[in-house]
Amino acid sequence: WGPAINVASINTEYDEVAPFWDDHTNTIYFSSNGHVGFGAFDIYVALGSKRDSIVNIGLPFNSSRDDFYFNLGVNKGYLVSDRKNGIGETDIYWFDTH
């Protein structure tokens with residue numbers, strides 16, 4: 001393990017949370033309320049060799065509410081959101097990945 005290094009290309013003056021590293025695609029996903037998005041926290045992917053191209057992954061993953069803890073599995077993916085009509089304050093949602 002080495003020292004933690006700030007990923008300045010991703011970070012804003014606001015909040016970035018819940019990073020997910022996808023080993024299969026060498027891609028990092030994260031949530032932020034500091035990049036242009038649909039609502040409070042949205043899920044983004046950092047592309048490019050320097051991870052300096054920040055892309056909102058869009059609908060249906062993002063909503064006008066907080067969306068975070070995005071995770072991809074072989075057959076299913078998951079995210080957490082406080083969308084209206086959920087069961088609790090924040091709920092876990094799943095989706096097919098194929």
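Select Phe20, Tyr29, Phe61, Phe70 and Phe95: ring pairs link these residues into a cluster. Rings of Phe, Tyr and Trp (its six-membered ring) pair if their centres lie within 6.5 Å. The structure is a predicted model, in which local features need pLDDT of at least 70, side-chain atom pairs count only at pLDDT 80 or more, and totals for chains, interfaces and linings use all residues. Residues are numbered from 1 along each chain as its sequence is written, and side-chain values use heavy atoms, with hydrogens and water left out.

The structure holds eight aromatic pairs. Go to Tyr29 and Phe70, a tilted pair with 4.9 Å centre to centre and 45° between the planes; planes under 30 degrees apart count as stacked, over 60 as edge-to-face and the rest as tilted. Tyr29 lies in strand β2 (residues 27–32) and Phe70 in strand β5 (residues 67–72), so the pair ties together parts 41 residues apart in sequence. Strands are DSSP runs (E, at least two residues), numbered from the N terminus. Tyr29 is buried at 14% relative accessibility, and Phe70 is buried at 6%; buried means under 20% relative accessible area (1.4 Å probe, protein chains only).

Next, select Phe61 and Phe95, an edge-to-face pair with 4.8 Å centre to centre and 70° between the planes. Phe61 is in the loop between β4 (53–56) and β5, while Phe95 is in strand β7 (residues 91–96), so this pair ties together parts 34 residues apart in sequence. Phe95 is buried, at 15% relative accessible area.

Finally, show Lys76 with Trp94: the charged end of Lys76 sits over the Trp94 ring, 4.1 Å from its centre. A charge sits over a ring if NZ of Lys or CZ of Arg is within 6 Å of the ring centre and within 35 degrees of the ring normal. The charged end of Arg83 sits over the ring of Tyr93, 5.4 Å from its centre.

Key
Helices (H or I, at least four residues) and strands (E, at least two) are DSSP runs, numbered from the N terminus. Buried means under 20% relative accessible area, exposed over 50%, partly exposed in between (1.4 Å probe, protein chains only).
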